[in-house]
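Colleague: I am new to this model. Please take one part of it and walk me through that part closely.

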Amino acid sequence: MALEKAVDILKYADEQKRCVIGFDAFNLESIKWIIDTAEEEQIPVIMMIYPADKKIMPFSTFAAVTGDLASKVRVPVGLMLDHGPDFATTMEAVKGGFSSMMIDTSHLDFEENVRQTAEVVKACHALGIDVEGELGHVGIAANEDDYKNADNFTRVDKAVEFIERTGVDILAVSIGTAHGSYVSAPKLDLERLEQINAATDIPLVLHGGTGVPEDQLKAAFARGINKLNYATGYKLKMYEVAKQIIDAGEIRPRMGDLVLAMERPMHEFLRGIMRLAWLHEDER
């Protein structure tokens, strides 16, 4: 199947009251494990790359590999740049072949966030590319204040204004999560999420999924979150699995053997996360 726009995948998820995982990957194996698992489960998925990881795999290569693997499966696969920091980086990804985009200038004041996001939306929409923007501060999980201080959370009225003024197709919100590994358990502001969902009509995204208790994630999915970004947990799991296999000493000391040995446990890990987000309680 050809790559699909992220917004189309997420609109379908919203209609079904389900959530799709947006995974950050960075090389052939990390992309292939995700798409293979998605095909096995017939659960849509969105492939993403964080800008810094273009040092490992250039945007154009990431797009080519993802597009090639997606063409071999039946399940919908999206391709999105994660946290594009500025216009130039997003246009680099557009040139590289990305079909969906995220621009994240949420660390700036509201007016500047609107201005820069709208600039990317205008350029991308002219090319038929959908755009995710972010409003509210989704900070660093090592800093407790970033995800426990409600001043950082998305305001309902500002979310409505932001969507109207920028034209974004998808909105990432801040309701009590952060990026990385949490120093204490997060507590999502589910009432705020309900209010944002009721006041807006585009798919909503939750960043900082690693480490959020499952019951809170399920509650967020039921209240309008259609995409959960998952990066830290995936990369940590790869390292953990590789270390366990190496320490066991049961394979030849060859990278190819290590990659092949990692495939099954990584599929099991990915399967659990995909099912958590996509399946309803009576389907699990």
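**Helix α3 and its surroundings**

The axes of α3 and α4 come within 8 Å of each other and cross at roughly 40° (lines fitted to C-alpha atoms over the stretch in contact; angles from 0 to 180 degrees between N-to-C directions). That angle makes α3 oblique to α4 (under 35 degrees is roughly parallel, over 145 roughly antiparallel, 65 to 115 roughly perpendicular, the rest oblique). On the α3 side, F59, S60 and A63 make the contact (heavy atoms within 4.5 Å). On the α4 side, T89, E92, A93 and G96 meet them.

This is a predicted model: local features need pLDDT of at least 70 and side-chain atom pairs 80 or more, while totals for chains, interfaces and linings use all residues. Residues are numbered from 1 along each chain as its sequence is written, and side-chain values use heavy atoms, without hydrogens or water.

Now α3 itself. The helix (a DSSP run of H or I, at least four residues) covers residues 59–70. Those twelve residues should span 16 Å at 1.5 Å a residue (counting one less than the number of residues).

Which residues of α3 are buried? They are F59, F62, A63, V65, T66, G67, L69 and A70 (under 20% relative accessible area, 1.4 Å probe, protein chains only).

What covers the buried residues of α3? The cover includes two helices, α2 (28–41) and α4 (87–96). It also includes two strands (DSSP runs of E, at least two residues), β2 (45–49) and β3 (77–81).

Conventions:
Buried < 20%, exposed > 50% of the residue type's maximum accessible area, 1.4 Å probe, protein only.
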